[in-house]
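Subject: Handover of a structure and notes on its contents

Dear colleague,

Please find below the structure that I am handing over to you. My notes on it follow directly after.

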Amino acid sequence: METKEFTGRLPAFESRNCIPLGVSPDAPEKHRRFRAKHDLKITLLADPGLQMMADYGASKGKGVLGIKALGVRRSSVLLDPDGKVAFHWPEVNARGHAGEVLDKLEELGAG
């Protein structure tokens, strides 16, 4: 699980002045239960309308039985201290992704 990897490597992110955040369309109460169940330490943000995810390229159109809707694309965005996109992973594999992000921070000279 991606959020567990980020939680497990949280000290490495913090030492680089990086704060990992997760975003999903789930409600805040569902996030609280999920964090408690899995003992997660990262913050999870609720984006029920998918607006933030659309802004960062993390939503995708999907259709079932002719009904069009927005879905979630597992992706990551690394923001610089000014809030600008420093790097974007448009499609990620959950396993090992925390390490990829740490490697990119190292490459960019963060921390």
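I begin with Glu107, which is exposed, with a relative accessible area of 59%. Here buried means under 20% relative accessible area, exposed means over 50%, and partly exposed lies in between, with a 1.4 Å probe and protein chains only. Please note that this is a predicted model, in which local features need pLDDT of at least 70 and side-chain atom pairs count only at pLDDT 80 or more, while totals for chains, interfaces and linings use all residues. Residues are numbered from 1 along each chain as its sequence is written, and side-chain values use heavy atoms, with hydrogens and water left out.

Salt bridges

Glu107 forms a salt bridge with Lys104, and their closest N and O atoms are 3.0 Å apart. The term denotes a side-chain nitrogen of Lys or Arg within 4 Å of a carboxyl oxygen of Asp or Glu. Both residues belong to helix α5, where 3 residues, about one turn of the helix, separate Glu107 from Lys104. Lys104 counts as buried, at 12% relative accessibility. Elsewhere, salt bridges with shared partners join Glu29, Arg32 and Arg33 into one network. Glu29 is partly exposed, with a relative accessible area of 39%.

The structure holds 7 salt bridges. Another of them brings together the side chains of Arg16 and Glu106 (3.3 Å, N to O). This pair links distant parts of the chain, 90 residues apart: Arg16 is in the loop between α2 (10-14) and β1, and Glu106 is in helix α5. Arg16 counts as partly exposed, at 21% relative accessibility.

Overall fold

The protein chain has 5 helices and 6 strands; these are DSSP runs numbered from the N terminus, helices being H or I with at least four residues and strands E with at least two. Along the sequence the pattern is α-α-β-α-β-α-β-β-β-β-α. Of the 111 residues, 31% count as buried. Lys4, in helix α1, is 94 residues from Ala98 in sequence, yet their C-alpha atoms are 9.3 Å apart in space.

Largest pocket

The largest pocket contains about 1,300 Å³ of space. A pocket is an open set of points on a 1 Å grid over the protein atoms alone, where a 1.4 Å probe fits, with protein on both sides within 12 Å along at least five of seven lines; lining residues have an atom within 4 Å of a point. Its lining comprises 44 residues, and Leu21, Gly22, Val23, Ser76 and Val77 lie nearest its centre. By type, the lining divides into 28 nonpolar, 9 polar and 7 charged residues. Among the elements that each supply at least two lining residues are α1 (2-8), α3 (28-38) and α5 (97-108).

Nonpolar patch

On the surface, Val23, Met52, Tyr56, Leu79 and Val85 form a nonpolar patch with about 380 Å² of accessible area together. Such a patch is made of residues with over 30% relative accessible area and no salt bridge, with nonpolar side chains joined within 5 Å. Tyr56 is in the loop between α4 and β3 (59-64) and is partly exposed, with a relative accessible area of 33%.

Yours sincerely

Note on methods: Points joined across faces, edges and corners; volume = space filled by probe spheres on them. Nonpolar A, V, L, I, M, F, W, Y, C, P; charged D, E, K, R; others polar. Patch = residues over 30% accessible without salt bridge, like charges linked within 9 Å, V, L, I, M, F, W, Y side chains within 5 Å. Areas by Shrake-Rupley, 256 points an atom, 1.4 Å probe, with all protein chains shown as cover.
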